Amino acid sequence: MRYQDTNVLLKKAEAEIVESMNIHPESVSAPRSSQIAAPLGIHNTPAEPEPKPNLIPEQQKVVDLILQGHNVFYTGSAICGKSTILKAFVKQLRLQKKHNFAGWTPDSLKKPLDELMAKAHGKKVFERFDIVDVLVIDEISIVGNLLFKRLNHIMKASRSSRHKGRLFGSVQIIVTGDFY
Ligand SMILES: Nc1ncnc2c1ncn2[C@@H]1O[C@H](COP(=O)(O)OP(=O)(O)OP(=O)(O)O)[C@@H](O)[C@H]1O
(Lines give C-alpha, C1' and ligand atoms only; values in the text may rest on other atoms or scores of the structure.)
Protein backbone atom coordinates (compact mmCIF):
# COMPACT_ATOMS: atom_id res chain seq x y z
CA MET A 1 0.00 0.00 0.00
CA ARG A 2 2.74 2.39 0.98
CA TYR A 3 4.72 1.31 -2.08
CA GLN A 4 1.75 2.09 -4.33
CA ASP A 5 1.38 5.50 -2.72
CA THR A 6 5.02 6.24 -3.41
CA ASN A 7 4.55 5.38 -7.05
CA VAL A 8 1.54 7.67 -7.31
CA LEU A 9 3.52 10.50 -5.70
CA LEU A 10 6.43 9.82 -8.00
CA LYS A 11 4.24 9.95 -11.10
CA LYS A 12 2.58 13.15 -9.89
CA ALA A 13 5.91 14.85 -9.14
CA GLU A 14 7.27 13.72 -12.46
CA ALA A 15 4.25 15.08 -14.33
CA GLU A 16 4.56 18.44 -12.55
CA ILE A 17 8.26 18.72 -13.35
CA VAL A 18 7.75 17.63 -16.94
CA GLU A 19 5.02 20.24 -17.28
CA SER A 20 7.12 23.02 -15.73
CA MET A 21 10.07 22.10 -17.99
CA ASN A 22 7.77 21.98 -20.99
CA ILE A 23 8.93 18.48 -21.95
CA HIS A 24 6.58 16.18 -23.82
CA PRO A 25 5.74 13.34 -21.34
CA GLU A 26 6.39 10.56 -23.87
CA SER A 27 9.95 11.76 -24.36
CA VAL A 28 10.79 11.10 -20.69
CA SER A 29 12.46 7.72 -20.36
CA ALA A 30 12.59 5.64 -17.19
CA PRO A 31 16.17 6.52 -16.16
CA ARG A 32 15.38 10.19 -16.63
CA SER A 33 12.31 9.98 -14.46
CA SER A 34 14.36 8.66 -11.54
CA GLN A 35 16.86 11.49 -12.04
CA ILE A 36 13.99 13.94 -11.84
CA ALA A 37 12.50 12.32 -8.76
CA ALA A 38 15.71 12.02 -6.79
CA PRO A 39 16.12 15.73 -5.89
CA LEU A 40 12.63 15.62 -4.39
CA GLY A 41 13.66 12.78 -2.10
CA ILE A 42 11.46 10.29 -3.91
CA HIS A 43 13.37 7.20 -4.96
CA ASN A 44 12.05 4.56 -7.27
CA THR A 45 13.54 1.69 -5.28
CA PRO A 46 11.68 -1.42 -4.02
CA ALA A 47 9.78 -0.91 -0.79
CA GLU A 48 11.79 -1.75 2.33
CA PRO A 49 10.14 -3.60 5.19
CA GLU A 50 8.27 -1.16 7.39
CA PRO A 51 10.08 -0.35 10.64
CA LYS A 52 8.38 -1.72 13.73
CA PRO A 53 6.30 1.04 15.33
CA ASN A 54 6.83 1.99 18.94
CA LEU A 55 3.91 0.71 20.95
CA ILE A 56 1.53 3.27 22.36
CA PRO A 57 0.79 2.96 26.13
CA GLU A 58 -2.44 0.95 25.59
CA GLN A 59 -0.60 -1.55 23.41
CA GLN A 60 2.32 -1.76 25.83
CA LYS A 61 -0.08 -2.44 28.70
CA VAL A 62 -1.50 -5.48 26.88
CA VAL A 63 2.01 -6.76 26.16
CA ASP A 64 3.01 -6.26 29.82
CA LEU A 65 -0.05 -8.15 31.09
CA ILE A 66 0.75 -11.04 28.76
CA LEU A 67 4.40 -11.14 29.78
CA GLN A 68 3.28 -11.17 33.42
CA GLY A 69 1.47 -14.44 32.63
CA HIS A 70 -2.17 -13.28 32.64
CA ASN A 71 -4.80 -14.81 30.38
CA VAL A 72 -5.73 -11.95 28.11
CA PHE A 73 -8.43 -11.23 25.57
CA TYR A 74 -7.85 -8.03 23.64
CA THR A 75 -9.94 -6.67 20.83
CA GLY A 76 -10.46 -3.51 18.81
CA SER A 77 -11.65 -2.35 15.43
CA ALA A 78 -9.83 -3.24 12.21
CA ILE A 79 -6.30 -1.88 11.85
CA CYS A 80 -6.26 -0.49 15.38
CA GLY A 81 -2.95 -2.27 16.10
CA LYS A 82 -3.82 -5.78 17.33
CA SER A 83 -1.29 -7.65 15.17
CA THR A 84 1.39 -5.19 16.22
CA ILE A 85 0.74 -6.21 19.82
CA LEU A 86 0.84 -9.88 18.83
CA LYS A 87 4.19 -9.53 17.07
CA ALA A 88 5.63 -7.64 20.05
CA PHE A 89 4.70 -10.20 22.70
CA VAL A 90 5.49 -13.26 20.57
CA LYS A 91 8.97 -11.85 20.08
CA GLN A 92 9.36 -11.40 23.83
CA LEU A 93 7.97 -14.87 24.60
CA ARG A 94 10.41 -16.40 22.15
CA LEU A 95 13.26 -14.59 23.87
CA GLN A 96 12.03 -16.19 27.09
CA LYS A 97 12.16 -19.52 25.24
CA LYS A 98 8.47 -20.08 25.80
CA HIS A 99 6.80 -22.53 23.49
CA ASN A 100 3.66 -21.30 21.85
CA PHE A 101 2.97 -23.92 19.27
CA ALA A 102 1.01 -27.09 19.97
CA GLY A 103 1.15 -28.37 16.42
CA TRP A 104 -2.54 -28.37 15.69
CA THR A 105 -4.19 -27.16 12.55
CA PRO A 106 -7.86 -26.15 12.24
CA ASP A 107 -8.39 -29.52 10.48
CA SER A 108 -7.15 -31.42 13.52
CA LEU A 109 -10.00 -30.06 15.54
CA LYS A 110 -12.62 -31.33 13.12
CA LYS A 111 -11.76 -34.91 14.15
CA PRO A 112 -13.86 -36.78 16.73
CA LEU A 113 -13.03 -35.89 20.29
CA ASP A 114 -12.07 -39.48 21.16
CA GLU A 115 -9.56 -39.57 18.34
CA LEU A 116 -8.06 -36.26 19.40
CA MET A 117 -7.87 -37.40 23.01
CA ALA A 118 -6.12 -40.60 21.98
CA LYS A 119 -3.65 -38.65 19.85
CA ALA A 120 -3.03 -36.20 22.64
CA HIS A 121 -1.86 -39.12 24.74
CA GLY A 122 0.47 -40.32 21.99
CA LYS A 123 4.13 -39.71 22.81
CA LYS A 124 4.89 -37.01 20.26
CA VAL A 125 1.74 -34.93 20.67
CA PHE A 126 1.82 -35.42 24.42
CA GLU A 127 5.38 -34.09 24.59
CA ARG A 128 4.39 -31.12 22.49
CA PHE A 129 1.36 -30.42 24.64
CA ASP A 130 3.39 -30.77 27.75
CA ILE A 131 5.93 -28.10 26.82
CA VAL A 132 3.37 -25.55 25.67
CA ASP A 133 3.38 -22.46 27.84
CA VAL A 134 1.17 -20.09 25.91
CA LEU A 135 -1.70 -20.65 23.51
CA VAL A 136 -2.38 -17.70 21.21
CA ILE A 137 -5.66 -17.69 19.31
CA ASP A 138 -6.04 -14.98 16.67
CA GLU A 139 -9.20 -14.23 14.67
CA ILE A 140 -11.35 -15.42 17.56
CA SER A 141 -14.53 -14.37 15.75
CA ILE A 142 -14.18 -17.42 13.49
CA VAL A 143 -13.47 -19.83 16.35
CA GLY A 144 -16.67 -21.50 17.47
CA ASN A 145 -17.54 -22.07 21.10
CA LEU A 146 -17.53 -25.83 20.60
CA LEU A 147 -13.99 -25.80 19.27
CA PHE A 148 -12.91 -23.76 22.26
CA LYS A 149 -14.59 -26.21 24.64
CA ARG A 150 -13.03 -29.23 22.95
CA LEU A 151 -9.63 -27.64 23.11
CA ASN A 152 -10.04 -27.05 26.82
CA HIS A 153 -11.19 -30.63 27.32
CA ILE A 154 -8.26 -32.15 25.47
CA MET A 155 -5.65 -29.93 27.07
CA LYS A 156 -7.05 -30.61 30.50
CA ALA A 157 -6.72 -34.33 29.91
CA SER A 158 -3.46 -34.47 28.04
CA ARG A 159 -1.13 -32.30 30.08
CA SER A 160 1.13 -33.94 32.61
CA SER A 161 -0.12 -34.61 36.13
CA ARG A 162 0.97 -31.28 37.57
CA HIS A 163 -1.38 -29.45 35.17
CA LYS A 164 -4.03 -32.12 34.63
CA GLY A 165 -7.65 -31.11 35.15
CA ARG A 166 -6.88 -27.40 35.30
CA LEU A 167 -8.45 -24.98 32.83
CA PHE A 168 -6.63 -25.46 29.50
CA GLY A 169 -4.12 -27.57 31.43
CA SER A 170 -2.73 -24.36 33.01
CA VAL A 171 -1.60 -23.03 29.65
CA GLN A 172 -1.69 -19.24 29.42
CA ILE A 173 -4.40 -18.24 26.94
CA ILE A 174 -4.19 -15.15 24.76
CA VAL A 175 -7.18 -14.44 22.57
CA THR A 176 -7.50 -11.68 20.03
CA GLY A 177 -9.52 -10.66 17.01
CA ASP A 178 -12.36 -8.33 16.27
CA PHE A 179 -16.11 -8.60 15.79
CA TYR A 180 -16.58 -5.76 13.32
N1 LIG B 1 1.86 2.16 17.90
C2 LIG B 1 1.83 2.30 16.57
N3 LIG B 1 2.44 3.35 15.99
C4 LIG B 1 2.42 3.51 14.64
N5 LIG B 1 1.82 2.66 13.78
C6 LIG B 1 1.20 1.60 14.30
C7 LIG B 1 1.16 1.35 15.72
N8 LIG B 1 0.46 0.21 15.93
C9 LIG B 1 0.08 -0.23 14.72
N10 LIG B 1 0.52 0.60 13.75
C11 LIG B 1 0.33 0.44 12.30
O12 LIG B 1 -1.07 0.41 12.02
C13 LIG B 1 -1.33 -0.52 10.99
C14 LIG B 1 -2.35 -1.51 11.48
O15 LIG B 1 -1.79 -2.24 12.57
P16 LIG B 1 -2.11 -3.76 12.82
O17 LIG B 1 -1.90 -4.57 11.58
O18 LIG B 1 -1.36 -4.17 14.04
O19 LIG B 1 -3.68 -3.66 13.11
P20 LIG B 1 -4.74 -4.82 13.33
O21 LIG B 1 -5.69 -4.32 14.34
O22 LIG B 1 -4.06 -6.11 13.61
O23 LIG B 1 -5.40 -4.89 11.90
P24 LIG B 1 -6.44 -6.00 11.36
O25 LIG B 1 -7.72 -5.75 12.08
O26 LIG B 1 -6.50 -5.69 9.89
O27 LIG B 1 -5.84 -7.35 11.64
C28 LIG B 1 0.01 -1.15 10.62
O29 LIG B 1 0.52 -0.50 9.48
C30 LIG B 1 0.89 -0.88 11.82
O31 LIG B 1 2.26 -0.79 11.48
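Predicted model: local features only at pLDDT ≥ 70, side-chain atom pairs only at ≥ 80, totals over all residues.
**Aromatic pairs.** I looked up ring pairs to begin with, and the count came to two. In one of them, F73 and F179 have ring centres 6.4 Å apart and planes at 65°, so I noted the pair as edge-to-face. I then checked where the partners sit: F73 is in strand β1 (residues 72-75) and F179 in the segment after β3 (172-177), 106 residues apart. F73 is partly exposed at 46% relative accessibility, while F179 is exposed, with a relative accessible area of 55%.

My next entry is F148 with F168, an edge-to-face pair at 5.5 Å centre to centre and 65° between the planes. This pair also links distant parts of the chain, with F148 in helix α7 (residues 145-158) and F168 in the loop between α7 and β3, 20 residues apart. F148 counts as partly exposed at 24% relative accessibility; F168 has a relative accessible area of 7%, so I put it down as buried, the cut-off being under 20%.

**Nonpolar cores.** Which residues touch the most other members of the largest nonpolar core? I found L135, I137, L151, M155, V171 and I173, out of 13 residues in that core. At least two residues each come from β2 (134-137), α7 and β3, and α7 gives the most, with three.

Setting aside neighbours within four places in sequence, M155 is in contact with F129, L135, F168, G169 and V171.

Last, I noted a second, separate core of 12 residues, with V72, V90, L93 and V134 among them.

Methods: Residues numbered from 1 in each chain as written. Heavy atoms only, no water. Phe/Tyr/Trp six-rings, centres within 6.5 Å; stacked < 30°, edge-to-face > 60°. Helix = DSSP H or I, 4+ residues; strand = E, 2+ residues; numbered from the N terminus. Buried < 20%, exposed > 50% of the residue type's maximum accessible area, 1.4 Å probe, protein only. Core = buried A, V, L, I, M, F, W, Y, C linked by side-chain atoms within 4.5 Å. Contact = heavy atoms within 4.5 Å.
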